[in-house]
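Hi,

Here's the structure I said I'd pass on.

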Amino acid sequence: MPIGKEKIFQLAKGFRGRAKNCIKIAGPRVEKALQHAYVGRKLKKRQWRSLWITRINAATKEHMMSYSRFMHGLSVQNINLNRKALSELAMTEPFSFKALVDQVRFMRGKPQAAELNDRGTQP
C-alpha cells in the first residue's frame with residue numbers, strides 16, 4: 001500500500017539531509033523507520049518481561065528459593081498474579097511478597113527460611 005507524498009514528508013520530519021525533503025530518499029527511509037518502530041514495539045514488551053523476571057528472581061533469592069520453584073508453586077496453588085504485579089510486590093511490599101514465598105514453601109512441605117542455616121539445610 002503506497003503512502004502519499006505529503007504523508008511521507010510528514011513522517012520524515014526530523015530526518016537529516018535530503019531524507020527529509022527529497023521523495024526518492026525520504027520514501028525508503030520512512031519505510032525503514034516504520035519497520036524499526038514495529039520491531040521496537042515488540043522488543044519493548046520482551047524487555048519489560050525480562051526486567052520483571054529479574055526482579056522476582058532477586059526477591060526470591062533473598063528468601064532462599066529459586067524463581068522457577070516459586071512460579072511453579074504459585075501456579076500449582078492457583079495464585080494468578082502476573083509477573084508485573086509480582087515485581088511490584090517484590091519492590092514496594094516486601095512483607096507481602098515474603099508471605100507469598102512462605103505460602104509456596106508451606107505448600108511444598110519445606111521449613112521456613114528462618115529455620116534454615118546458611119547452606120540452606122536444617123540445623
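Below is what turned up when I went through it.

First, a caveat: this is a predicted model.

Let's start with how two of the helices pack. Helix α3 (residues 67-76) and helix α5 (residues 94-108) have axes that come within 9 Å and cross at roughly 80 degrees. That makes α3 roughly perpendicular to α5. If you want to find the contact, look for Arg69, Phe70, Gly73 and Leu74 on the α3 side; they meet Phe97, Leu100, Val101, Val104 and Arg108 in α5.

Side chains of opposite charge can pair when their charged atoms come close. The structure has two salt bridges. One joins the side chains of Lys98 and Asp102, at 2.8 Å from N to O. Both residues sit in helix α5, four residues apart, or about one turn of the helix. Lys98 counts as partly exposed because its relative accessibility is 30%, whereas Asp102, at 17%, counts as buried.

The other salt bridge links Arg105 to Asp102, at 3.5 Å from N to O. Arg105 and Asp102 are three residues apart in helix α5, so about one helical turn separates them. Arg105 is buried, as is Asp102.

Last, the surface. Ile3, Leu11 and Leu34 make up a nonpolar patch there, with about 220 Å² of accessible area together. Ile3 is found in the segment before α1 (5-11), and its 38% relative accessibility is why Ile3 counts as partly exposed.

Cheers

Notes: Residues are numbered from 1 along each chain as its sequence is written. This is a predicted model: local features need pLDDT of at least 70, side-chain atom pairs count only at pLDDT 80 or more; totals for chains, interfaces and linings use all residues. Side-chain values use heavy atoms; hydrogens and water are left out. Patches are made of residues with over 30% relative accessible area and no salt bridge: like charges are joined within 9 Å, nonpolar side chains (Val, Leu, Ile, Met, Phe, Trp, Tyr) within 5 Å. Accessible areas come from the Shrake-Rupley method with a 1.4 Å probe; for residues, only the protein chains shown count as cover. A salt bridge is a side-chain nitrogen of Lys or Arg within 4 Å of a carboxyl oxygen of Asp or Glu. Buried means under 20% relative accessible area, exposed over 50%, partly exposed in between (1.4 Å probe, protein chains only). Axes are lines fitted to C-alpha atoms, for helices over the stretch in contact, and angles run from 0 to 180 degrees between N-to-C directions. Angles under 35 degrees count as roughly parallel, over 145 as roughly antiparallel, 65 to 115 as roughly perpendicular and the rest as oblique. Contact means heavy atoms within 4.5 Å.
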